[in-house]
Amino acid sequence: MIYTCTITPSVDYTTYLPSFENGKLNRTSEVFYYPGGKGINVSRVLKRLGAHNKALGFIGGFTGNYIEDFLLREGVETDFIETAEITRINVKIKAAEETELNGPGPALNADDLAQLTEKINNMSEGDWLVLAGSLPDSVPASYYSGLAELCRKRNIRFVLDTSGPALKELVKFSPFLIKPNIHELGELFDADIATKTEALQYAKKLVAGGVKNVIVSLGGEGALFVNEKLAFEAKAPVGKVVNTVGSGDSLVSGFIASFCETENPLEAFKYGVASGSATAFRSDLCKKEDVEALIGEVHVKEIKHGDVSV
């Protein structure tokens, strides 16, 4: 079973308007309401790609109910922990420039955290846990480390897609997959990474440190993939970028969905890149037919002797 975990989900209120003026009444042309959070995005895309999964995390109040109902309507199984706080609302203003107002995550108590630990403790060997999105500082770093160690001991494939100090700490626990962008990769090593060659070198350092598979997202330029035996560069398909929100989550989803079927990391990497691009070319997350239409446009080249194209 694939499990995703979103510590701080949200309802994303996304509004589109020709222009936005501070301090004035702005009338929107269209609005959308979506469940937000990187893990939730992964769950939604996995389901669309035919991969059964279960969404974990913390929800509360009417917004939490909305998230759960939305996922259930899409066929995503849920096992959320209910908190006393209302799940946050994030406002996304899409105009000439994009503006975001993100609400605070929930204050989680010891009982909330213990419930999540118990759910992970009941997972089986070979299961997947995707821990994605922001990890609030209000939760002790030792708690996240404990979850990672639990996955390692139980042979659960731990997928990590977060940033900041938590990412730096959790890579020590040999996750199965991480997907930093160049900035996040630089944060891991307190370095400024300016080129693909540098990104490749640091990705190899992560693998040498125990990370099983590393995908470095390069945005419109594609991605790099590194594990103990392989190193590849993928060029992203060409298309009109409509919305980049969720494209990285879709990349993770595509990789997992393909790997579950093929156990082939190269094919999973290609499918992940196609999934990320398919989402970037839509206003919402990708569908399987979008990914299948793009997979032939993902051009992958093996990297030898540290050589990457510029």
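**Entry 1: the second largest pocket**

I began with the second largest pocket, which holds about 450 Å³ of space. It has 21 lining residues, and G37, K38, K92, N102 and V245 are the closest to its centre. I noted what a pocket is here: on a 1 Å grid over the protein atoms alone, an open set of points with protein on both sides within 12 Å along at least five of seven lines. A cavity is a set of points where a 1.4 Å probe fits but cannot get out, and lining residues have an atom within 4 Å of a point. Grid points are joined across faces, edges and corners, and a volume is the space filled by probe spheres set on the points.

I am working on a predicted model, where local features need pLDDT of at least 70, side-chain atom pairs count only at pLDDT 80 or more, and totals for chains, interfaces and linings use all residues. Residues are numbered from 1 along each chain as its sequence is written, and side-chain values use heavy atoms, with hydrogens and water left out.

Which element gives the most to this lining? I found β7, with three residues. At least two residues each come from β2, α1, β7 and α8. Helices (H or I, at least four residues) and strands (E, at least two) are DSSP runs, numbered from the N terminus. By class I read two nonpolar, 13 polar and six charged residues in the lining of the second largest pocket. Nonpolar covers Ala, Val, Leu, Ile, Met, Phe, Trp, Tyr, Cys and Pro; charged covers Asp, Glu, Lys and Arg; the others, Gly among them, are polar.

**Entry 2: the largest pocket**

Next I looked up the largest pocket, at about 610 Å³. Its lining has 29 residues, with S217, G219, T244, S247 and G248 closest to the centre. Two or more residues come from each of α8 and α9. The largest share, four residues, belongs to α9. I read the classes as nine nonpolar, 14 polar and six charged.

**Entry 3: α8 against α9**

I then checked how these two helices meet. Helix α8 (residues 247–262) and helix α9 (residues 265–280) pack at about 145°, with axes 7 Å apart. Axes are lines fitted to C-alpha atoms, for helices over the stretch in contact, and angles run from 0 to 180 degrees between N-to-C directions. Contact means heavy atoms within 4.5 Å. On the α8 side I found L251, F255 and F259 among the contact residues, and on the α9 side F269, Y271 and V273 are included. The contact has nine nonpolar, nine polar and one charged residues.

Last, I traced the open sheet of four strands, in the order β3-β2-β7-β8 with mixed pairing. Two strands pair if DSSP finds at least two bridges between them. The twist averages 15° from one strand to the next. β2 and β3 run antiparallel, joined by seven bridges. Helix α2 (residues 61–73) lies across β2, β3 and β7, at about 85° to β3.
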